[in-house]
Amino acid sequence: MSLSRGTILVVDDERGIRESLKMILKDKYKVVTFESPEEVLKNSSIDVDVIFSDIKMLSMNGISFLKKIKSLKPEVEVIMITAYPSFSTTLEALRCGAFDYIVKPFNKDEILRVAERAIQKKIELIENERMMRDLTHSLQENYQATIDALILAIDAKDAYTARHSRRVSYLFGKVLRKIGFEEDKIDLLTHIAGLHDIGKIGISEYILRKPSSLTVKEYEEIKRHPLIGYKILKSMKFLKNGLSVVLYHHEKFNGQGYPEGLKGEEIPYEVRIFSIIDVYDALVTDRCYRKRMSSREALRELESRGGKDFDPRLITLVVPILSKIEGYK
Ligand SMILES: [Fe+2]
C-alpha cells in the first residue's frame, strides 16, 4: 500500500456521483470506481485504503456491503454516502464499522477532509502495528538474553546439564521431524528442550555434582527442578504451548515419576517422546557416578523400560529413529 497518496475506491450505481468523486479526489489519491458492490467483492484483492460507498444501491444494500467488506478487509476505512440520512441507518453504519458518512449533495472540501482523515487513521494504524512488532521483537531479544544468561549460569554450575540440553534439543528436533510434526511446533519444542533442566539453577551444586548415590533427602531436592524450571519460564507467553516438556519430563508411563505422578496418556504426547530422548542422551554420556553406554546398549536399555518408564508404542517408534542418528555429539 502506498500511503504517500493512498488508493480510494468509489462504489456507487450513479455514474454522476462516481465521476464527481473521482474529479475531487484524483489529484491527491489514486482513485478506482465500481458500479456495484458485487463488482468490488469480485475484485476484493485490489489494494485499497479507503472506500466511499453509497448506502442505497439497487443490487445490494450499502450496509450489507459494509459488513461484507469489513469482514474481508477489516483494515479498510469505509465512508458511507447517503441522500436521505436517517438516524437509525447512520447509527447502524457506524456500529458496523463505517469510518464516517457524508450527505448528498456534498462539496469538494468536505470530501477531501473526510478522505484525508481516513487516510491518516490508516497511517496511524500502520505505525502502531510497526511499533507493536518492534516491541515484540525487543521483548523476545531481552527474553533470549535472559535465557542465555540462565544457560550460562547453569553451565558454570553443572556443565553436563548445559551440554546435555543442547544435545537433546538437537535429537528431539530430528525425531519430531521424522515423526511428521509441523515446523512451527518443532521450533518451539526444540527451543523448550534446550531449557528443560533450567530449574537445576535452583538446586545445590553439591547435589548436582555428587559422584555417589543421593540420599532420600537429596533426591527429594533434585525432584524440585521441573517445577522450578516451569515457574521460571511460565511468564513467557510464547513458550506456553511447550512448557509441559519442562514440567513433566520426569514423569513415567507407569505413574512412578515426578512431580505429579502422571500415568500413561495423561503425560502429553510430545513429553512421552522427549523423555525417551532425555534418558537416551544421559545413558550414552559419562556421568560423575557411572561410565557411558554404547548407543546400541542404550537403545536396548530403553526398550527394556517400555511400559515402565516409557510409552511402549513410542519406544517402537522412536528407538529405530535414534538408532539411525549418528555423530550427534
Ligand atoms: Fe531433568
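This is a predicted model: local features need pLDDT of at least 70, side-chain atom pairs count only at pLDDT 80 or more; totals for chains, interfaces and linings use all residues.
Proline 259 sits in the loop that joins helix 11 to helix 12 (269-283), where helices (H or I, at least four residues) and strands (E, at least two) are DSSP runs numbered from the N terminus. The peptide bond leading from tyrosine 258 into proline 259 is cis, with omega near 10°. Most residues other than glycine have a negative phi, and most peptide bonds are trans. A cis bond also runs from lysine 104 to proline 105, with omega near -5°. Proline 105 belongs to the loop between strand 5 (100-103) and helix 5.

Residues are numbered from 1 along each chain as its sequence is written.

What does the chain look like as a whole? The protein chain contains 14 helices and five strands. Its radius of gyration is 31 Å, well over the 20 Å that the globule rule gives for 329 residues, so the chain is more spread out than a compact globule. Here the radius is taken over C-alpha atoms, and the rule is 2.2 Å times the number of residues to the power 0.38. Along the principal axes, the C-alpha atoms fill a box of roughly 90 × 40 × 35 Å.

Helix 10 (residues 225-233) shows how burial can be arranged, with His225, Pro226, Gly229 and Leu233 buried. These four cover an arc of only 100° around the axis, which puts them on the same side of helix 10; the arc is that of the directions from the helix axis to the C-beta atoms. Their cover includes helix 9 (216-222) and helix 11 (244-248), judged by contacts, that is, C-beta atoms placed from the backbone and lying within 7 Å.

Turning to helix packing, the axes of helix 5 (residues 108-157) and helix 6 (residues 159-179) come within 5 Å and cross at roughly 130°. Axes are lines fitted to C-alpha atoms, for helices over the stretch in contact, and angles run from 0 to 180 degrees between N-to-C directions. The two helices are therefore oblique to each other (under 35 degrees is roughly parallel, over 145 roughly antiparallel, 65 to 115 roughly perpendicular, and the rest oblique). Ile151, Ile154 and Asp155 of helix 5 meet Ala159, Thr161 and Ala162 of helix 6 in this contact.

Definitions and conventions
Two residues are in contact if their C-beta atoms, placed from the backbone, lie within 7 Å. A residue is buried if 20 or more other C-beta atoms lie within 10 Å of its own, exposed if 12 or fewer, and partly exposed in between; C-beta atoms are placed from the backbone.
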